[in-house]
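User: I would like to learn how to read the strands, helices and ring pairs of a model. Please take me through them one at a time.

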Amino acid sequence: MGQAKEIHVAPIAKRDADALIIRLHYSHKTVNNAFLALGVFLGGRLEGAMTFGPSMDKSNIQGLVRDTPWNGFLELNRLAFSEALPRNSESRALAIAMRMIKKNYPHVGWVISFADGCQCGDGTIYRASGFILTGIKVNKSLLRLADGSVTHKMTQVTGKNRADHFARTGGSWSGQGTPLDGYQMRYIYFLDPAARARLVPKEIEYSEIARRGAGMYRGIARGKQAMAEAPSEQRRRSTDPHAPSVLLLD
């Protein structure tokens, strides 16, 4: 396996990012409103993808940093890497992505992302990449449905699902399903240093995750040692040995 400096990060068509995400991401689901897709290449072959877009709960997320304009932040909503990528590829790819966003989207002051310990992990790669921990909470948003699938409650109360959801719940905004046991961590990367000074919630030390017993990998609690040694929770090995190389853009 090569070194992380050998990877190449570049824009790709969203459909190519979505195909990889469906194959490798733990959710096997894409985000429809993501508009920026970046591919991670090794030897000319697409082995990872990151997609960015507005948050589903945008009006509430916007208020985390005072005086943020409506288009002043993005959410990293999917990140999927194959095992073919070298060690530390995640942090290197994220660093490159942040520089690209800062250069090409100068109005974006910060990027938010969430680590889901219920299905994935507690954010090892975000901590290694300089993201600020701004929230630790017991999961109340991820729901397991009767058919065994997992969904975010917001997908039940937004867009085309809203009318059907309200019809079944009598106007309630509560998601329907069984909440997954575990924690969710909220991380923010500040592209604009001035925005960090306007952060409304207090910054949280990484050590607080272990102190609260919130360190998790796929819903299983882990201790400080396990948190330090765990492999990247965003990686999934491709099961398709014949997956073709994906070209940049159209």
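**Reading the sheet**

Analyst: Strand 4 and strand 5 (residues 110–116) run parallel and are joined by 3 bridges. Helices (H or I, at least four residues) and strands (E, at least two) are DSSP runs, numbered from the N terminus, and two strands pair if DSSP finds at least two bridges between them. Within this pair, Glu75 stands opposite Ile112 in strand 5. This is a predicted model: local features need pLDDT of at least 70, side-chain atom pairs count only at pLDDT 80 or more, and totals for chains, interfaces and linings use all residues. Residues are numbered from 1 along each chain as its sequence is written, and side-chain values use heavy atoms, with hydrogens and water left out.

User: What is the order of the strands in the open sheet?

Analyst: The open sheet has 7 strands in the order 1-2-3-4-5-10-6, and its pairing is mixed. Strand 1 and strand 6 (132–138) are the edge strands, each pairing on one side only. On average, neighbouring strands are turned by 25 degrees against each other, direction ignored.

User: In which sense do strand 2 and strand 3 pair, and over how many bridges?

Analyst: Strand 2 and strand 3 pair in the antiparallel sense over 7 bridges. Ala37 has Thr51 in strand 3 as its bridge partner. The hairpin of these strands has 2 residues between them, and Gly43 takes a positive phi near 60 degrees there. Strand 2 also pairs with strand 1 (residues 8–11), in the antiparallel sense over 4 bridges; Val9 stands opposite Val40 in strand 2.

User: Is Thr51 buried or exposed?

Analyst: Buried means under 20% relative accessible area, exposed over 50%, and partly exposed in between (1.4 Å probe, protein chains only). Thr51 has a relative accessible area of 2%, so Thr51 is buried. Its side chain joins that of Asn77 by a polar contact of 2.6 Å. A polar contact is a pair of N or O atoms within 3.5 Å; within protein, one must be able to donate a hydrogen and the other to accept it, and residues adjacent in sequence count only if both atoms are side-chain atoms.

User: Which strands does helix 1 lie across?

Analyst: Helix 1 lies across strand 2, strand 3 and strand 4, at about 105 degrees to strand 3. Axes are lines fitted to C-alpha atoms, for helices over the stretch in contact (heavy atoms within 4.5 Å), and angles run from 0 to 180 degrees between N-to-C directions. In helix 1 (residues 14–24), the buried residues are Asp16, Ala17, Asp18, Leu20, Ile21 and Leu24.

User: How do I read the aromatic pairs?

Analyst: Rings of Phe, Tyr and Trp (its six-membered ring) pair if their centres lie within 6.5 Å; planes under 30 degrees apart count as stacked, over 60 as edge-to-face and the rest as tilted. The whole structure holds 5 aromatic pairs. One of them is Tyr126 with Phe131, tilted, at 5.1 Å centre to centre and 50 degrees between the planes. Tyr126 and Tyr187 have ring centres 5.4 Å apart and planes at 40 degrees, so this pair is tilted. Tyr126 is in helix 4 (residues 124–128) and Tyr187 in strand 10 (residues 183–190), 61 residues apart, so the pair links distant parts of the chain. Ring pairs link Tyr126, Phe131, Tyr187 and Tyr189 into a cluster.
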